[in-house]
Amino acid sequence: MSVNGYLIVASIIFCIGALGVLMRKNLIVVFMSLELMFNAANLGLVAVSSYLNLIDGDIFVIFVMVVAAAEAAIALGIAVAFYREKGTVDIDKANELKL
Amino acid sequence: MGAKDIIAWLIPLFPFAGWLLLGLLGKYFKGYAGILASVFIVISFIFSSILFFIVSYTHGFTTTLYPWVYAASFRTGVSAVIDRLSVVMLVMVTGVSAIVHIYSIGYMQGDKGFARYFSFLNLFVFSMIMLVISNNLLLLYVFWEAVGFCSYILIGFWYEKKSAVDAGKKAFIVNRVGDFGFAIGIFLLFITTGTLNYETIFTMIPSIPSITVTAIALLLFAGAVGKSAQFPLHVWLPDAMEGPTPVSALIHAATMVTAGVYMIARFHVIFSYSQFASEVVLTIGTFTAFLAAFIALTQFDIKRIIAYSTISQLGYMFMAVGIGSYTAGIFHLISHAVFKGLLFLTAGSVMHGLSGELDLRKMGGLYSKMKITAVTFIVGGLALSGIPPFSGFFSKDAILADVYNKGFYFAWIIGEITALMTAFYIFRLIFVAFFGESNVDPKVHVHESPKIMTIPMVILALFALIIGFLGIPPFNKSVFYSFLHVAFKNAYNFAPFTNNAPWYILSLISVLAGLLGIFIAYLLYIKKAVNPEKIKNIFKPVYALSYNKVYIDEIYNFIIVRPVLGFSNFLWKVIDALIIDGAVNGVASSFAFFSTKTRKIQNGMLMSYVLTLTIGVAALLFYFFIR
């Protein structure tokens with residue numbers, strides 16, 4: 001099986017994730033879509049790594065997963081703080097960062 | 001350093017220490033500030049006297065405190081020249097300063113700037129001493145400016161009074177004009193000779209082209225004109241009377257204003273090698289002597305009368321140094337310092353007794369109420385009028401006799417007419433203020449000043465009586481001449497004696513001129529043989545000219561002050577406010593305009609940021625693929 005299939009699947013997942021980030025209003029769902037984008041990128045990396053018989057992509061993926069785990073903790077913390085502040089997780093309410 | 005070097009440097013040290021001590025810790029001394037300052041100056045005076053005797057019995061010397069600028073061949077240190085000229089000046093400066101300091105304790109009693117006053121006064125004395133003893137032009141210029149600065153802060157001492165502040169500024173700005181010339185003169189001298197030390201310069205002067213020497217001399221004289229209040233820069237001195245009266249006595253009569261005369265005497269080599277420059281000095285001096293005496297005839301402010309008289313007497317000194325009679329000039333400088341200091345102190349005593357009244361029309365009959373002041377004032381007046389045996393007779397006569405015997409007849413005639421006017425205006429003041437019926441405001445309690453003020457006056461009066469005897473026997477045989485003339489041995493004798501008129505005839509003419517002036521004043525103001533008002537009406541234009549100070553202030557206002565103000569207004573309102581501020585504000589407001597447009601992008605909506613980001617990344621990827 002050629003690498004193309006993996007890359008096509010990865011692209012599709014990435015686009016779904018991106019659209020999710022852009023279109024959903026719920027902060028938790030936006031965050032989950034973001035995770036989808038991470039994993040799409042990871043999929044692409046391991047696919048190319050295995051195709052080229054290199055280990056670099058695999059190592060990189062491990063790093064991305066570690067960072068994503070750490071980032072997940074922070075992001076969920078933000079979500080909790082946001083909920084406490086606003087009483088909702090609707091992302092349109094996060095509109096105070098302006099002049 | 002030997003003992004005499006240490007003595008020489010102790011003289012400026014004490015006033016300097018007094019300035020620092022009173023300037024920094026003045027408020028802790030309270031009423032003792034005056035006594036402390038006076039003690040310092042008296043110590044300085046004692047050392048000056050010791051130095052005077054050392055130099056009299058040995059010879060002059062040069063001493064360096066420390067090297068200041070030593071760069072390649074240019075060597076200028078903080079060093080002093082102690083010769084007969086400088087010790088005479090030192091004794092005069094510290095002596096008059098000591099007396100004025102003591103007098104000030106009484107005069108400034110209760111003033112809220114008591115300590116500040118004495119710290120400034122000590123700073124002035126320090127600067128004046130350094131000016132007198134410096135042996136190079138760099139140091140001279142520093143302290144030349146320092147005494148000008150002290151004069152400025154002391155004229156504006158009562159800084160709540162706008163007229164005093166304005167007078168201080170006027171003195172400072174008018175002096176700038178002269179000092180500009182002085183600075184250029186020093187630069188020219190440095191370019192020509194490559195050094196600033198007096199000794200080296202004087203040995204080089206004879207080998208320098210005469211046109212250069214003339215230019216240097218005239219530029220240096222410009223500084224003297226400003227500092228010594230000669231025409232056309234005399235306008236600041238009458239206004240300087242806004243300061244405390246002891247300041248007028250010390251700075252604007254006895255010491256600082258004579259710095260110009262001292263400077264020319266010190267640079268006698270330069271001036272004597274340029275006949276043209278010396279003639280300019282003579283002309284300016286003669287004209288100023290006459291002009292100031294003419295203005296003084298009709299003034300009513302007693303301090304201003306004495307101020308114009310100072311300008312006039314300085315004119316005499318410049319006449320003397322302008323004909324190469326340097327000892328006569330310095331002799332008049334010394335005797336003038338004594339009797340003019342006396343006149344100012346007594347005028348201050350009159351002010352003190354009349355609660356600050358200065359207008360001659362509101363005085364009269366003061367003799368019976370303030371006898372010591374009146375008698376000492378009359379002594380000063382007689383000395384100023386040149387009546388023997390008071391000091392002014394000997395010193396002024398020495399000048400006028402030299403002027404005649406060196407063949408400057410026109411200057412001599414003007415000098416004699418000025419002597420007549422001098423006697424008239426000072427005795428007009430005396431007769432109107434001290435005799436006749438009283439015009440004093442009845443609410444004012446007229447009283448004699450305290451002893452702390454009258455004793456210095458009496459001391460100065462005694463000196464005004466005896467100091468003139470240094471001037472006998474007449475001409476070149478006098479005590480003073482034989483003491484001082486060695487200081488001027490390097491002068492080129494450009495104006496040799498052409499006549500040999502005996503001294504008694506010349507003196508008789510001068511004394512007659514003085515007595516005639518007194519007699520006219522007596523007729524007008526005591527006998528009232530002719531009503532002064534009548535004479536005023538006959539000579540109306542002349543009277544108006546004198547009363548309005550020959551309109552010189554008005555002329556300066558019209559040709560200098562107004563155009564400068566107008567041009568400054570133009571610079572401010574058009575160049576600065578319109579063009580420069582306009583450019584800066586224009587840049588700022590154009591940025592503000594674009595910012596208000598672009599800040600719409602930042603709307604706070606998270607989704608729109610993400611969308612923008614995504615579009616941006618997509619665009620970058622697209623560009624990457626089609627490249």
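I looked up B:Pro389 and found it in the loop between α16 (371-385) and α17 (391-405) of chain B; helices here are DSSP runs of H or I with at least four residues, strands are runs of E with at least two, and both are numbered from the N terminus. The peptide bond joining B:Pro388 and B:Pro389 is cis, with omega about 5°. I noted a further cis bond from B:Phe231 to B:Pro232, where omega is near 5°. B:Pro232 belongs to the loop between α8 (210-227) and α9 (236-239) of chain B.

For the record, this is a predicted model, in which local features need pLDDT of at least 70 and side-chain atom pairs count only at pLDDT 80 or more, while totals for chains, interfaces and linings use all residues. Residues are numbered from 1 along each chain as its sequence is written, and chains are lettered from A and ligands numbered from 1 in the order in which they are written.

**Entry: positive phi**

Most residues other than glycine have a negative phi, and most peptide bonds are trans. I therefore listed residues that depart from this pattern. A:Asn53, not a glycine, has a positive phi of about 55°. A:Asn53 sits in the loop between α2 and α3 (56-86) of chain A. Is A:Asn53 buried or exposed? A:Asn53 counts as exposed because it has 6 C-beta neighbours inside 10 Å; the cut-offs, on C-beta atoms placed from the backbone, are 20 or more others within 10 Å for buried, 12 or fewer for exposed, and partly exposed in between.

B:Val550 lies in the loop between α23 (540-547) and α24 (552-598). B:Val550 has 15 other C-beta atoms within 10 Å and is therefore partly exposed.

**Entry: the hairpin of chain B**

I then examined strands β1 (residues 61-71) and β2 (residues 74-82) of chain B, which run antiparallel and are joined by 9 bridges; two strands pair if DSSP finds at least two bridges between them. B:Thr63 stands opposite B:Ala80 in β2(B). The hairpin has 2 residues between the strands, and B:Ala72 takes a positive phi near 50° there.

B:Thr76 is placed in strand β2 of chain B. With 19 other C-beta atoms within 10 Å, B:Thr76 is partly exposed. Which residues does B:Thr76 contact, leaving aside its neighbours within four places in sequence? They are B:Trp68, B:Val69, B:Asn136, B:Leu138 and B:Leu196, a contact being two C-beta atoms, placed from the backbone, within 7 Å. From B:Thr76 to B:Asn136 the C-alpha separation is 7.0 Å, across 60 residues in sequence.

**Entry: helices**

I checked helix α13 (residues 275-296) of chain B against helix α14 (residues 302-322) of chain B: their axes come within 7 Å and cross at roughly 160°. Axes are lines fitted to C-alpha atoms, for helices over the stretch in contact, with angles from 0 to 180 degrees between N-to-C directions. The angle makes α13(B) roughly antiparallel to α14(B), the term for angles over 145 degrees. The residues of this contact divide into 15 nonpolar, 8 polar and 1 charged; Ala, Val, Leu, Ile, Met, Phe, Trp, Tyr, Cys and Pro count as nonpolar, Asp, Glu, Lys and Arg as charged, and the others, Gly among them, as polar.

B:Gly380 lies in helix α16 of chain B. B:Gly380 is buried because 30 other C-beta atoms lie within 10 Å. Not counting residues up to four places away in sequence, B:Gly380 touches B:Phe339, B:Leu342, B:Leu343, B:Thr346 and B:Ala464. B:Ile426 is 46 residues from B:Gly380 along the chain, and their C-alpha atoms are separated by 9.3 Å.

A:Phe38 is partly exposed, with 19 other C-beta atoms within 10 Å. Beyond its neighbours within four places in sequence, A:Phe38 contacts A:Val64 and A:Ala68.

**Entry: chain B overall**

I recorded 25 helices and 2 strands for chain B, and 49% of its 627 residues count as buried. Between the chains, 10 residues of chain B are in contact with 10 residues of chain A. The side of chain B that touches chain A has 5 nonpolar, 4 polar and 1 charged residues.

Terms used: Angles under 35 degrees count as roughly parallel, over 145 as roughly antiparallel, 65 to 115 as roughly perpendicular and the rest as oblique.
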